[in-house]
Protein chains: 2
Amino acid sequence: MNAPSRPVRRPLPQRLIDTLAAGFGTRFTTAEAVRAHHGHDESHFPDALPDAVVFPHGTEEVAAIVAACREHGVPVIPYGVGSSLEGHILAIHGGVSVDFSEMNKVLAVHTEDMDAVVQPGVTRKQLNAELRGTGLFFPLDPGADASLGGMAATRASGTNAVRYGTMRENVLGLTAVLADGRVIRSGGRARKSSSGYDLTRLLVGSEGTLGLITELIVRLHPLPEALSAATCTFPDVDAAVRTVIQTIQLGVPVARIELLDALTVTAINRYSKTTLREAPMLFFEFHGSPAGVEEQAATVQDIAREHGGLDFEWATRPEERSRLWQARHDTYFACLNLKPGCRGVTTDVCVPISRLAEAIAGTREDIAASGLVAPIVGHVGDGNFHTVILVNPDDEAEIERAEALNRRIVERALALDGTCTGEHGIGIGKQDFLLAEHGAAAVDAMRLIKRALDPDNLLNPGKVVPGF
Amino acid sequence: MNAPSRPVRRPLPQRLIDTLAAGFGTRFTTAEAVRAHHGHDESHFPDALPDAVVFPHGTEEVAAIVAACREHGVPVIPYGVGSSLEGHILAIHGGVSVDFSEMNKVLAVHTEDMDAVVQPGVTRKQLNAELRGTGLFFPLDPGADASLGGMAATRASGTNAVRYGTMRENVLGLTAVLADGRVIRSGGRARKSSSGYDLTRLLVGSEGTLGLITELIVRLHPLPEALSAATCTFPDVDAAVRTVIQTIQLGVPVARIELLDALTVTAINRYSKTTLREAPMLFFEFHGSPAGVEEQAATVQDIAREHGGLDFEWATRPEERSRLWQARHDTYFACLNLKPGCRGVTTDVCVPISRLAEAIAGTREDIAASGLVAPIVGHVGDGNFHTVILVNPDDEAEIERAEALNRRIVERALALDGTCTGEHGIGIGKQDFLLAEHGAAAVDAMRLIKRALDPDNLLNPGKVVPGF
C-alpha cells in the first residue's frame with residue numbers, strides 16, 4: 001500500500017498558539033528550555049524538539065488539545081517522564097508535546113477487587129507509595145520510575161514480568177483520546193470480557209500513535225506474605241542461563257530471576273557502591289507463603305548448585321533487599337557510567353527460553369568481535385535480555401558499529417523464533433525490524449489500522465509503523 | 001458514522017461454485033444436510049444456513065477460499081464445532097461456511113518453552129490427549145469440547161481462568177487470513193514483546209469478523225505436582241459467594257472455584273447420575289506442590305466454615321475428580337434437560353468480585369419475578385456467572401421474557417462496572433449491550449477497524465459490531 005503523506009515540519013500556526021495559550025495559560029509554553037527537555041529521551045537518537053509543550057489536567061483538556069492540533073494539521077506527541085529508549089517522544093515532525101506530569105492522580109483504589117484507576121502521569125513508584133497499607137502492590141518495574149501511561153504505551157514490563165506479566169496483562173481498561181478528538185473507554189474492571197474488539201490491548205503498545213491514554217485501570221496484586229531475595233554467582237554466563245532455563249521449565253513460580261554478566265556487576269559496584277562478587281550472577285526473588293517461599297528457594301538452590309552456582313547470598317532485611325533491587329534498576333546508568341560522556345544503544349531481544357543459551361552465547365561472541373563495550377543484563381526468566389552498547393554520541397562510526405551489532409543480535413533472535421523488542425518498543429529505531437519480524441502483510445494490517453484511526457497521521461507521527 | 005452496506009442474500013454465483021468445487025472436490029458441498037448442520041449453534045437463535053460448506057486443509061486453502069468469495073462479494077463464516085452460544089456461526093447473510101474440522105493437527109509441541117502450535121480445528125480435549133506424557137496441559141475449558149480456533153475467536157475461557165487466564169492471555173501468536181486474502185502472522189513464541197500493534201489480541205475475540213484464524217500458538221502450563229478437588233455446600237447462595245470473594249481477596253491461588261445453585265445441582269444429579277447434596281454449592285480445585293495444595297485447602301476450608309459451609313467432600317482419586325468436572329462441564333445440557341425440548345438463553349455477565357454478591361442476589365430476584373426457570377452457575381472466582389434461561393423455542397412470548405430477563409441482568413452488571421459477556425462473546429445477540437457497555441465512540445472505533453480490514457464486510461457479517 002502507498003505510504004501516507006508525511007507531516008511537513010513548519011512553524012506552529014499562530015492561531016493554534018493563541019488557542020492553546022488562551023485555554024492553558026502558563027500550562028502552555030513555547031519556551032526553548034521546556035521544549036529542549038521534551039525533545040530527548042534516554043536513547044542515543046538526536047534530540048528533536050517539539051514546537052510547544054502543554055500540560056493538561058484531564059481527559060477533556062487532552063481532547064481539546066487534539067482537536068485544536070487536528071484543525072491545524074499539527075502533530076501531537078504524548079510525553080510521560082522521557083525515559084523511553086527508542087526515541088518514542090522525539091518530535092521528529094515537530095508538533096505539540098502533551099506532558100502528562102500534571103495528570104498524576106490515583107483516582108481510585110479498589111482494594112477488594114485489586115485494581116486501581118490512575119491518570120497516565122502517575123509513576124510506578126508513586127502508585128506503590130499510595131498503595132502502602134492496602135496490602136497490595138503494582139509489581140511492574142522498568143528500570144526508570146516511568147509513568148504508567150508511558151508504560152502502557154510501550155507495553156513495558158521489568159523484572160517481575162516472569163511472575164506478574166507485562167502491561168499487556170496488567171492494564172484492564174483505559175480511557176483514550178483518538179485522533180478525531182473523541183474519547184473512548186475500553187475494557188473495564190471485570191477480570192475478563194468477550195465484549196467486542198480488544199481496544200485496550202490495541203492501544204497498549206501503540207506508542208501514542210493510535211490514541212492518547214488519559215486514564216488507566218491497572219491490576220494490583222496482593223503483597224506476598226513472605227518474600228526473599230538472593231544473589232548467586234556462576235563460573236560462566238552459560239551456567240547461569242542453564243539455571244534459569246531449568247527453573248522456568250520446572251514451573252517454579254519465581255517472582256524475579258535476573259542475569260548480570262561480570263561487566264555489569266562491576267558497573268553496579270562502581271555506581272551503587274555495592275560489593276557484589278564480580279562474576280556472572282543471578283538475582284532472585286521469591287514470593288509466596290512462608291512455606292512456599294522456602295520450597296521455591298530450596299528447589300532453585302539445588303538447580304543452581306548442579307550448574308556450579310556458588311552459595312546463595314540472601315538479602316533478608318527489607319532495606320538490604322531494596323538496596324539490591326535499586327542497584328539492579330540503576331544498571332542502565334551504572335553501565336553508562338563505565339564510559340563517561342557516552343550514550344547507550346540498548347538492545348532488547350526476547351526469545352523462547354529453550355533458545356536463550358544460544359542467543360546469549362551468540363550475542364557474547366558478537367560483542368567480542370565488535371570491539372565495543374556492551375554489558376549484558378536481562379529479565380532472563382522471560383527469555384528477554386539487554387545489552388547496553390556504550391557509544392560516543394559524537395562518533396558516527398561507533399554508532400554505526402553499535403547499530404550493526406544490534407542488528408546482528410536482532411537477526412539471531414528472530415531466527416530463534418524471538419522478537420526484536422521484549423519491552424522497549426519500536427519507536428523510530430526498530431521499524432525495519434518490525435517488518436523483518438512480522439512480514440509485509442502484518443505490517444500492512446497495522447498501517448490500515450493506523451490510517452483508519454488517524455487518517456491525517458497526527459498522533460506521534462514517525463513512530464512504530466514504517467512510512468507513517 | 002454511516003453504517004456499511006449489508007451484504008444482500010442471493011444465490012451463490014455459479015462461477016464461485018465451480019471454482020470451489022474444482023479446488024476442493026468432495027470437500028466442498030452445497031448439500032442440504034451439511035448446510036443444516038452448519039446453520040445452527042447452541043444458542044436459541046433461529047437456524048441460518050450457509051449456501052455451501054468447505055473443509056480446507058491449510059492456510060493457503062483458506063486464503064484461496066477468501067479470495068474467491070471476495071471476488072464474488074460472498075460472505076465467509078468460520079466454523080469450529082458449532083458450540084457457540086451467541087449465534088456466531090449462523091450464516092444470517094448467507095455465504096460459505098469454512099469448517100476447520102479437517103485442520104486439526106497439533107503441528108508442534110515445544111515442551112521446554114511450554115507452548116504448542118496448533119491448527120484451529122484442534123479441540124481442547126484433543127490437545128490435552130496429545131500432551132499426555134509431556135508433563136504439560138492446556139487448562140482452558142469451556143463446557144463444550146470446543147475447537148481452539150473457535151475459542152480464540154470468542155475469547156473463551158472456562159473454569160480455570162481464575163488461575164490460568166483466558167484465551168487473551170493464552171494465545172501467544174496466530175496466523176490469519178484477512179479479507180483481502182493475505183496471510184498475516186502475529187505475535188510469536190517469545191513470552192513477551194513490544195513489537196508493534198497487538199494484532200494477536202485484536203483478532204482474539206473478533207469472532208471471525210476481522211480474519212480467519214488458521215494457526216495458533218498457545219501457552220501450555222506444567223501439570224501441577226499435586227491437585228485436589230472438593231465440593232462444599234452452603235446454607236444459601238450468598239454465603240457461597242462471600243466465601244469466593246474472601247478467597248480471591250486473600251490471594252489464594254485457587255485453580256477453580258465454581259458456584260452452582262441448588263437447582264443446578266439437581267439438574268446435574270439427574271443428568272450425570274451424581275448424588276451431590278442439592279444445596280448451593282462450590283466446586284474447588286487446588287493446584288501446586290503437595291505442601292502448597294494443603295495450605296490452600298486449609299485456608300479455604302477456614303473461610304468456608306466462617307460462612308456456614310459444611311465439610312468439604314474431597315474427590316481424591318483421578319477418576320472421581322474427572323467425573324466431578326465432567327458433570328460440571330455438562331451443566332448446560334443438564335440444565336436444558338430439566339425441561340425437555342427447551343433451548344437455553346444463556347446470560348454471561350462478569351463483574352468486579354466486590355460486586356458479585358449484589359449481582360447474583362439481584363439476578364436471583366429477577367429470575368423469581370420473571371417466573372422463568374433459570375439455574376445459576378458460574379466461574380465466580382473471576383466474577384463471571386451464567387444463568388441458563390429455559391425457553392420453549394416455539395413460544396415467542398417466553399423468548400421475549402427471557403430476553404428481557406437477560407437485559408435486566410446485563411444492565412445491573414454494567415451498573416456494577418461489569419461486562420455483558422465474560423466469555424461467550426457478542427455474536428448477533430449482544431450488539432445493543434456492546435454499545436451500552438463501551439459507548440458510541442468506542443464502538444465507532446471498532447467500526448473503523450472493521451471497515452479498514454474488511455471494507456466489503458464479507459467476514460462473518462452481522463456479528464459483533466452493530467450495523468455490519
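# Reading a two-chain model: a tutorial

Tutor: Strands β1(B) and β2 (residues 52–54) of chain B pair in the antiparallel sense over two bridges. Strands here are DSSP runs (E, at least two residues), numbered from the N terminus. Two strands pair if DSSP finds at least two bridges between them. This is a predicted model: local features need pLDDT of at least 70, side-chain atom pairs count only at pLDDT 80 or more, and totals for chains, interfaces and linings use all residues. Residues are numbered from 1 along each chain as its sequence is written, chains are lettered from A and ligands numbered from 1 in the order in which they are written, and side-chain values use heavy atoms, with hydrogens and water left out.

Student: In β2(B), which residue is the bridge partner of Thr29(B)?

Tutor: Strands of a sheet pair through backbone hydrogen bonds, either parallel or antiparallel. Here Thr29(B) has Val53(B) as its bridge partner.

Student: In what order do the four strands of the open sheet in chain B stand?

Tutor: The order is β1-β2-β4-β3, with mixed pairing. At the edges are β1 (28–29) and β3 (76–79) of chain B, each pairing on one side only.

Student: Which strands form a hairpin with four residues between them?

Tutor: β5(B) and β6(B) do. In the turn, Met114(B) has a positive phi of about 55 degrees. Strand β5 (residues 106–110) of chain B runs antiparallel to β6(B), joined by four bridges. Val109(B) stands opposite Ala116(B). On β10 (residues 212–219) of chain B, β6(B) also pairs in the antiparallel sense over four bridges. There, Asp115(B) has Arg219(B) as its bridge partner.

Student: Are the faces of strand β6 of chain B covered or uncovered?

Tutor: In a regular strand the side chains alternate between the two faces of the sheet. In β6 (residues 115–118) of chain B, both faces are covered. Asp115(B) and Val117(B) are buried on one side, Ala116(B) and Val118(B) on the other. Buried means under 20% relative accessible area, exposed over 50%, partly exposed in between (1.4 Å probe, protein chains only).

Student: How many residues has the largest nonpolar core?

Tutor: A nonpolar core is a set of buried Ala, Val, Leu, Ile, Met, Phe, Trp, Tyr and Cys residues joined through side-chain atoms within 4.5 Å. The largest has 182 residues. Met167(B) is among those with the most contacts inside it. Contact means heavy atoms within 4.5 Å. Leaving aside neighbours within four places in sequence, the contacts of Met167(B) include Phe138(B), Leu140(B) and Val204(B).

Student: What angle do the ring planes of Phe312(A) and Trp314(A) make?

Tutor: A pair of aromatic rings is described by the distance of the centres and the angle of the planes. Rings of Phe, Tyr and Trp (its six-membered ring) pair if their centres lie within 6.5 Å; planes under 30 degrees apart count as stacked, over 60 as edge-to-face and the rest as tilted. The structure holds 14 aromatic pairs over all chains. For Phe312(A) and Trp314(A), the centres are 5.5 Å apart and the planes at 40 degrees, so the pair is tilted. Phe284(B) and Phe286(B) are stacked, at 5.9 Å centre to centre with 10 degrees between the planes.

Student: What rotation superposes chain B on chain A?

Tutor: Two copies of a chain are related by a rotation about an axis and a shift along it. Here the rotation is 180 degrees, with 0.0 Å of shift along its axis (RMSD 0.0 Å). The two copies are thus related as by a two-fold rotation axis. Superposition is by least squares on the C-alpha atoms of residues with pLDDT of at least 70 in both.
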